[in-house]
Amino acid sequence: MSELHKFLFDGQPVRGAIVRLTDAWTDMLQRRAANTATGPYPVPVRELLGEMAAAGVLMQSGIKFNGALVLQIFGDGPVKVAVAEVQSDLQLRATATLKGSVAEDATLSSLVNLHGAGRCAITLDPKDKFPGQQPYQGVVPLVDAQGRKLERLSDVLSHYMLQSEQLDATLVLAANDSVAAGLLVQRMPIKGEANLAQSHAHSADADQIGLNEDYNRIAHLAASLTRDELLTLDVDTILRRLFWEEKLLRFEPQQGAQGPRFACSCSRERVARMLQNLGVAETESVLAEQGQIEVGCEYCGQQYRFDPVDAAQIFAAPVQQAPSSDAVH
């Protein structure tokens, strides 16, 4: 079962979280792999999406925000865009759009940053917007302060959080076909609550960047966690191995209906409504030409098929559906 564990270092201005996506991650991969039009993502893309999904959960869990956190990586490589979306209740989904072949040993820069055009964008999209309110978005290039290409998503996001929140952060991310996992430790703001949008304590927090000895010690320990350890060890073992000399205050793990879980807004009913809007004549024309209608969700890859009998039922009675967009994202 997928799980999120949050904790504090007692008496020290440092917080942390570990996420392990198991069923939530494999559900996403299986749905994409079952798509007969696209097939599974190449291994480097699966690993990137897994790391993005884990990172999205960690970042969403650290803010008080009712809405979606959308993490995007895009640029000028064979991956046109990769997206992970995490709701405030930790429902998540991820997708990637490819425009070329991907080498088995592709790195982050060869996937999206071949000629320096790669970018990372994080959007906070409120669920209930005020009139005229726009989502907050921050964008950073996939390079370090010296302009060198970054090859690890964890480094990109640590750089983003440093710029956005003026707070030190260390991330360790890893993913394979069974698990997508991440560890985050972050220096806490001097006063108030920082978030990905803004903080009133930015100037004071900026003065502490890189100087807090407690955070630097804990960050060094966190950075020693290897990819294999993150993917194979349980959370208790990881925390004990890394921070056995520290006093941790741990929160109740978030699992099941309260934890990270895969969810996509597509449905057969929504596609049926789309066909209703298309009209009888156009629907029958496609059926006459192809024998059936097949619609794939661009986000998760789920395919929905309708034969002539299905189509007749759609137009014989209204499709019951809650108010929402007809688009299949």
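Student: Which elements are included in what covers the buried residues of helix 9?

Tutor: Helices (H or I, at least four residues) and strands (E, at least two) are DSSP runs, numbered from the N terminus. The cover of the buried residues of helix 9 includes helix 10 (280-290), strand 13 (293-296), strand 14 (303-306) and helix 11 (308-316).

Student: On what kind of model and numbering does this rest?

Tutor: This is a predicted model, in which local features need pLDDT of at least 70 and side-chain atom pairs count only at pLDDT 80 or more, while totals for chains, interfaces and linings use all residues. Residues are numbered from 1 along each chain as its sequence is written, and side-chain values use heavy atoms, with hydrogens and water left out.

Student: Which residues of helix 9 are buried?

Tutor: Buried means under 20% relative accessible area, exposed over 50%, and partly exposed in between (1.4 Å probe, protein chains only). Helix 9 spans residues 268-278, and its buried residues are R270, V271, A272 and L275.

Student: How is helix 9 oriented to helix 11, roughly parallel or roughly perpendicular?

Tutor: Axes are lines fitted to C-alpha atoms, for helices over the stretch in contact, and angles run from 0 to 180 degrees between N-to-C directions. The axes of helix 9 and helix 11 come within 10 Å and cross at roughly 75 degrees. Angles under 35 degrees count as roughly parallel, over 145 as roughly antiparallel, 65 to 115 as roughly perpendicular and the rest as oblique. Helix 9 is therefore, relative to helix 11, roughly perpendicular.

Student: Which residues make the contact of helix 9 with helix 11?

Tutor: Contact means heavy atoms within 4.5 Å. Helix 9 contributes R268, A272, L275 and Q276, and helix 11 contributes D310, I314 and F315.

Student: How many disulfides are there?

Tutor: A disulfide is a pair of cysteine sulfur atoms within 2.5 Å. C266 is in no disulfide, as its nearest cysteine sulfur, that of C300, is 3.6 Å away. By this rule the count of disulfides is zero.

Student: Is C300 buried or exposed?

Tutor: The relative accessible area of C300 is 5%. C300 is therefore buried.

Student: Which backbone oxygen does the side chain of T95 reach?

Tutor: T95 is found in strand 5 (residues 91-98), and T95 is buried, with a relative accessible area of 8%. At 2.9 Å, its side chain reaches the backbone oxygen of Y299.

Methods
A polar contact is a pair of N or O atoms within 3.5 Å; within protein, one must be able to donate a hydrogen and the other to accept it, and residues adjacent in sequence count only if both atoms are side-chain atoms.
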